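Dear colleague,

I am passing this structure on to you, as you will be taking it up from here. Please have a look at it first; my notes on what was found follow below.

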Amino acid sequence: MSKNVFITIDGKQISAPKGANLLKVARENSFDIPGLCFHHKLSPTGACRLCLVKVEGMRGLVASCTLKVEEGMIVTAFDEELEQTRRFLLDYLLSEHNDTYDNTYSDELRVLMFRYGLDKKENRFFKSVLESLNIKVDSSSPVLTYEPSKCIKCFRCIKACDEVQGKNVLSFNDRGINSYIIAGSGVWGESECDGCGECIQLCPTGALVEKPNRESINLDKVEKRVKTTCPYCGVGCQIELFIQNDKIVRSLGVEGVSPNDGRLCVKGRFGYEFVHSNDRLKTPLIKKEGRFVEASWDEAFDLIASKFLEIKEKYGSDALAGYASAKCTNEDNYIFQKFIRIAFGTNNIDYCTRLCHASTVTAMLKSIGDGAGSNPIEDFETTDCLLIIGNNIVETHPITATYVKRGAARGQKIIVIDPKWTPIVRYASVWLQPKLGTDVALLNGIINVIIRNGWHNPQFIMERVEGGIEAFNELDSLIKKYTPDYVERITGVPADKIILAAKLYARSATAMIATGMGMSQQVTGTNNVFCLLNLMLITGQVGRERCGIDPPRGQNNVQGATDVGCHPFMYPGYIPVANDENKKKVSMEWCVPFDALSSKPGLTTVEIVKAAHEGKVKALYIMGENPMLTDPNLNHTEEALKNLDFLVVQDIFHTETTKFAHVILPASTWAEKNGTFVNSDRRVLRVRKAVDCYGDAREDWKIIHELSNRMGFPMPIYNNESEIFDELARVTPIMAGISHARIELHGIQWPCPTTDHQGTSTLYVDKFNTPSGKGKLFPVDYAEQNERVDAQYPFLLNSGRILFHYHTSTMSRRTKVLRDFIDASYVLMNPNDAIKLNLSDGQKVKIASRRGELETKLKISEEVLEGELFMPWHFTESQVNRLTRDELDPYSKIAPFKLSAVNVSAK
Amino acid sequence: MLQEKRIALRNSGLINPESIEDYIQSGGYQALAKSLAMESSLVYETIIESGLRGRGGAGFPSGAKGKSTALTCEDCLKYVVCNADEGEPGTFKDRIIMETDPHSLIEGMLIAAWSIKATKGYIYIRGEYYKSIERVKKAIDQAKSKGFLGEDILSSGFDFDIEVKVGAGSYLCGEELTLLESIEGRRGYPRIKPPFPAQRGLWGVPTLINNVETLANFAPIILFGADWYKSLGTEKSHGTKIFTISGDVNKPGYYEVEMGMKLGDLINNFAGGVKGGNEIKAILIGGAAGTFASKKHLELPLDYDALKENGLTLGSGAIIVLNESRSVLDMLRSILSFFKHESCGKCVPCRLGTAHILSVVESLEKSNVGERESIFLNTIKQAEIMAKTSLCPLGQSPILPLKSAWTNFSDEIVKS
C-alpha cells in the first residue's frame, strides 16, 4: 500500500494515495473533470486533452489523466480559461463527429456536448470536416458495427483489445484527420477478432455498437439492469443484463469486481439469446404411445412420484439414480442431492464432473487434500511462470486467458504442453508437443531434469511432504530412467525443450500450473495429475501467493455442484458418506432418520449408465444434463437409456437425451432464477433472476422440492433461495461463513468457516488439507495405452472445445452471433496425412472407430501432429462420442475422451 | 573576409568517410581515449561547462540532459539514442555529417555513453538517407574491428555497442519520444511526458537522446576543453552551428559558422546572395516548425537569444530564402498542409487543428479583404490553443510560422 499524500484541488484539501492517477482522484472527490480517452482499466493516453488542468510549478496546461498525485500538489481543475479551452476542444471534436443519436448506446461525448451547450449549432465555431473524410462503415463483424463518423479516436477500443484482452487486433489505419479504426488488415469480419466486445464496452460513443438487438433496444425503455454471473464456463464472470419487455437485450461486464473486472468473452456478452428461444420447453411432457404429450404439472408430478416409488419398492433404493447439473445453482444442486439421498435413499448421484475433472480432483484430494484451484484468478497474471498443460485456455476459459496474456506482456514465462496447437502458444516461451497419451513420461522427464540439476527444493520436501526425503528418494529412483533422451523417444518432444521447461518452472521465483481436460480425460487421468503434483511438491511451487495448481473448471457451477454434495461418495463439503458420524450429522440437519440415508458410496456417471445397461439401475432422474452427447461410447449409452424403466429429464430444451425420457420437465435458465454459483477459484458468486420463467417452466429446486413432497419426503418450506443457502452453509463447513447477504457485491472464496472470515484466496499456506497436513508424492510409471493404432485404425483422435460453442451447444447454437462465427463440425488433420490419403481441405470424410462412426468435414491444419486428429465435440450432427470408449481411469472413473484410434476415409 | 568555423564538420571533405584510418589520422578517437581516462561525471560536467545546446532544434543544454540521465540511477541499464531522423524541411546538416564523417558521430556517441555509463546505443536514421545508413553502418563495423566499439573498449572495461534503426518516413518520428516508440517497434505516436527520457526512456530505462550535430561536437569539446568551445560564438550561444541554406540563393548548401553570424552575412557572403537579382522578401528560419524573418532582420546575429527577442527561432538551422516574387501565404499554406499531413492524429487539438487552420488559410483568398485580418487573427488564436493543449511539439509548432508571418507580413497577407 502506498502512503497517502495531501493535494489541493480548487482550494479543497484531499488525501489520496501517492502516485494515484490525478484525474481518477479528482473524480472520486466530485470534481467532474471531463475526459473521454481515460478509462480506469487502461493506461493513460492523453489524447482528448479535455482533462487539462493547471498545476502549480508546472508549465502551461497539463492533462490530469497523465499525472500522478504527489505531496503538496496544488491543482486548478476549473477556471474560465480551462473551461473555455475544454469547450474549444469539444467544439473541435464535434466538427469531425456525426452527432445523430438513436438511444441504443451510452454516449459520453453527447453528455459533454450538452454540458458545454454545444448541442446548439449556433454555439459551435467550427465547420464539420466529416464530408472531406473518406470513411466507411464496417459492419462485417457478426457482433458489432464500426461507424467511423462517430469515432473520436480515443484509443479506448485499441487498448481494450490490447491491454485488457491481450488480443491486439485493432489499430488505426491512415494518419491524422483521416485515421480510423481497423481490425486486422482492414475488414472486421476477416480479422482475428473473436467477438469479445471489450471494445464495445469501452467505446465512449456510438462508434462501436453491438449488433444483437440494435433494432429493438432503447436505453430509455430498459426496465432494469440485473447483475448476475455468466452461465457459460467456470470463470464466473460478473455480468449486467439489460431487460426490456421482460427480455434480455444486452449483457455488459461488471467493472471493478472479481473475477473479470468487466471483461467478457463472446459467449458471456452475446450468448443469452437462448433464454428467449422458441424452442424452450414450456410445459411438462409425458410420453404416451411413443409421442410426447403436453401435461399439467400435477399430472407429471403424480406420474413421476408413483413411478419412482414403485421402482424403489420393487428393486430397492439403489435401482434409482440422479444426474445433477453443473449448469444449475448451488441451491438447485443442494436440493437435488438431498432429494436423491432422502427420497431415493441412495448415493447414486453424480454429474458431468465425472467426465471432466474427476481425475484431477481425485489426484488433488489424495495428494494435497482439496480438489479445487489453489490460487485466485489474478495470480495467472502475476506469477513468474505458468505451466499450461492439456488446457486450451484461450478458447475454454477466455477470461482466465486474459490474465495470462497480460502476464505474458509483463514478461511472464509460459510453458505450454499440448499435443495440439492452441492460441496460447503464441504467448508461450516454449511449447512441448507430446504424442497423445504420453504425458506421464513427459512429466517424469521434467522431474528427472529438475532432480539431476538440483533444482528441487529439499527444505520444502522435508518440511511439507509426507515421508520427506525418503518419499522423495522413492520418486527419484522411479524417475531415474526418464532421462530427456529416453523421454524424447516416447513423447517426441525434443530433449532440449524438456530441459528448458524444467528450468523455467523450477527456477522461477513463483510458478503455477493450469491443467485441463487434456490431462484429465484419459485412462491415465489421475496418474497424469499425480505427476503434475509431484512436480509441484518437489519444487515447492505451492502454498504461496502466485504458486499452486488451478484446474480451470469447464462449467459455470461444476465446482459448486460437487461442493454442495452432488457426489456419489460425499455429502456437501467433501464429507464422506461412508462414515456414521457424518451420516448422523447430516441426517439431523435434514430431519430424517439415520437409517434413511445410505452408507454405501453410490455409482458414478459412467457406472450409472453401465448399471442401466445391465438392468441394475431402473430409474434415472436427469437435471440439466445431456449424456446422449457427453458420454463416451454413445452407442452403449443409448442402449442403456433405452433399457431404463423410467427416465425423467428436466431441462430447458429438447436434447439428444430427452428423446429417451418418459417425462420431460421444463426447467428455468440461469436468468430466470436466484441463487449462487462457485467459480474455478472457489468464489461463491450471486445469480439473480432477471426475467420470468418461460411458459409454465419452473425453477429447478422448486420442481425437486415439490416432487419430494409428492413422494412423501417433504423438505422444509424455503421462502427463497437465500434460506436454502443458509441450510447448505450449515452442512458445508467450507461455506459455513457465507450467506447471500455477504456476497451481494463481491464473491467470497471458500474455505470461509465463519461469518467474520474473509474467505481464502490462497490454499495450503500453512498446511495441506490431508490428514497429515503434508503433501503426498505418488510416483507413477508410464504405461502404454491399451487403445492403439493399427492398420485398420491408423489415427489417434483427440477431441475438445472451441471458443464459440459450449459443450452440447444447446445454448450456444441457439444464439445467432455464435452460429455466425461457426456452425459446423470439422476434423483437423495434418497436411502430410492429407497428402498420403489424397484428401483435400473442406471435403466430407467418414471417421470410424472400433465403436462407431460419423461424418464431418476435413480441415487441413498444422495444429495437429502427423497421425493425430482433432474434433470439437459440440455438434450433434457429428457426435464425437460415437467414437470414444468407456474404458475408465481406474481411480476416478473418468472416460478417455482424448484418445481414440480411428480411420478416415473420403465420403 | 568571413570564414566558416568547422567543428562538427571538421573532417568533412577532407578525409575519406569510409576509412577509419583517415579519421584516426586526423585525430579521431583521441577524445574517446581521453574521456575514458576521465571520471565519467567529468565528461558531462565538461559538456555543461562548454555551454553546448542541442542542435536538433530545441536548444536544450546538452550537458544537463546527460547529467540528469546519469544521475537517475547508478549502475542501471541505460541507453544513448542518436536522433538522425532529420525531417525538418530545409534541414540536411545531419546527413552531411553522416555521409562525410560518420566516425565523428560514433565517437561523440561513445563519449556520451561513457558519461552516463550506457551500454547500448541506437542511431535512428531517416529512411531516405540511404548513403548515411550505409556509411554509418560501415563505420560501426570498422569501429568494432578496431576495438572502439564492443567489449572492454580501449582496455577500459567499458562496453558499448551501437545499432542502426531506420525510420519509415514519418516526420513525427523525429520527435524524441515518438522516435523511442518507433525504435521499440511500435507505431509512431508521441508518448506522454513526463516521464522524460532521462528518467524513463527506451524500454523504460534512462535514455540520453541527442541530435547528430550535437554529438559531433562532443569529441572536439573533450579534446580542446570547454573554455575553448565557450570562446567561440556569442556570450550566451557558444560554439558553432551548421546552417543549411536553400531557396532563392545562388549558392545553396551547408555552412558551419560561429554563433552570432549575421543573418544577412550568411546569406550574402556564404550562400552567394539572392538568386536572379531579386530583392529578398522573407527568410524561413528553422524549417516548417520555424519562423518567418523579413529583410529587417538581416542584421540580426544568429544566436538563440537574439532571435528569440525578435519572435524568431533558430531551430534546426534551416534557412529558406524567399525572393520578392514569392508569396508568403503560399509558403504558409504549404507548411500548414505539411503539418496536416504529418499530424499523427492522436490528440484532438493537433488532429483537428491542423485541418481547420489549413482550411481557413486556404480560403483566405476567397474571403473579403476587409475580413481577412480577423480571420487570420482567429486562426492564430486557434494555433495558440493548439500550442497550449497539444500532446507533442507537432501541434505546438504551427503557431510559429503563423504568428511570425503575421508579425512581419500582415500587409501582404491581408492584401494578396
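In this predicted model, chain A is divided into five parts, which are domain 1 (4–78), domain 2 (126–276), domain 3, made up of 285–356 together with 556–749, domain 4 (370–550) and domain 5 (795–906). Of these, I looked at how domain 3 of chain A meets domain 5 of chain A: their C-alpha centres lie 31 Å apart, and 17 residues of domain 3 are in contact with 17 residues of domain 5. On the domain 3 side, the elements that give two or more residues are helix 22 (605–613), helix 23 (627–630) and helix 24 (634–642) of chain A, and helix 24 gives the most, with 3 residues. The residues of that side of domain 3 divide into 6 nonpolar, 7 polar and 4 charged.

The other finding concerns a pair of helices in chain B. The axes of helix 3 (residues 40–50) and helix 6 (residues 102–116) of chain B come within 7 Å and cross at roughly 120°, an angle that falls between the ranges counted as roughly perpendicular, 65 to 115 degrees, and roughly antiparallel, over 145, so the two helices are oblique to each other. Their crossing is left-handed. Where they touch, B:S40, B:V43 and B:Y44 in helix 3 meet B:I111, B:W114 and B:S115 in helix 6, and the residues of this contact divide into 4 nonpolar, 2 polar and no charged.

With best wishes

Key: Residues numbered from 1 in each chain as written. Chains lettered and ligands numbered in written order. Predicted model: local features only at pLDDT ≥ 70, side-chain atom pairs only at ≥ 80, totals over all residues. Domains from an automatic or database assignment. Contact = placed C-beta atoms within 7 Å. Helix = DSSP H or I, 4+ residues; strand = E, 2+ residues; numbered from the N terminus. Nonpolar A, V, L, I, M, F, W, Y, C, P; charged D, E, K, R; others polar. Axes fitted to C-alpha atoms, helices over the stretch in contact; angles between N-to-C directions. Parallel < 35°, antiparallel > 145°, perpendicular 65-115°, else oblique. Left-handed = near helix turned anticlockwise from the far one by under 90°.
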